Amino acid sequence: MQKYENQIANLSKDIMQELENIKTVIKKHENLLDNNILKIVSITSLGIAIIAILLQYI
């Protein structure tokens, strides 16, 4: 019985570690996504500003 309890405890520990790893990976992807969204917004804003400046000269 003790052997099975130890195996279950080890499996539980492994599962918890894997869940932590998954959470870390998700956090990294969220950060990358946030950075990409900021880049898109910045580039779009820059594009709109350039168009507005060019329209003044037309």
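How many salt bridges does the count come to? The count is 1 salt bridge, where a salt bridge is a side-chain nitrogen of Lys or Arg within 4 Å of a carboxyl oxygen of Asp or Glu. We will come back to that pair. This is a predicted model, in which local features need pLDDT of at least 70 and side-chain atom pairs count only at pLDDT 80 or more, while totals for chains, interfaces and linings use all residues. Residues are numbered from 1 along each chain as its sequence is written, and side-chain values use heavy atoms, with hydrogens and water left out.

Start with the overall form. The chain has 1 helix and 0 strands. Both kinds of element are DSSP runs, numbered from the N terminus: helices are H or I with at least four residues, strands are E with at least two. The C-alpha atoms fill a box of roughly 85 × 5 × 5 Å along the principal axes. The radius of gyration, taken over C-alpha atoms, is 25 Å. A compact globule of 58 residues would have a value near 10 Å, by the rule of 2.2 Å times the number of residues to the power 0.38.

Buried residues make up 0% of the 58 residues. Buried means under 20% relative accessible area, exposed means over 50%, and partly exposed lies in between (1.4 Å probe, protein chains only). The accessible surface of the chain comes to about 5700 Å², by the Shrake-Rupley method with a 1.4 Å probe. Carbon and sulfur atoms account for 68% of that surface.

Now find Leu 19. Leu 19 lies in helix α1, which covers residues 2–56. Leu 19 counts as partly exposed because its relative accessibility is 43%.

Move to Glu 18. Glu 18 is also found in helix α1. With a relative accessible area of 47%, Glu 18 is partly exposed. Glu 18 and Asp 34 are 16 residues apart in sequence, and their C-alpha atoms are 24 Å apart in space.

Finally, return to the salt bridge. Glu 20 pairs with Lys 23, and their closest N and O atoms are 3.3 Å apart. Both residues lie in helix α1, 3 residues apart, or about one turn of the helix. Glu 20 is partly exposed, at 40% relative accessible area.
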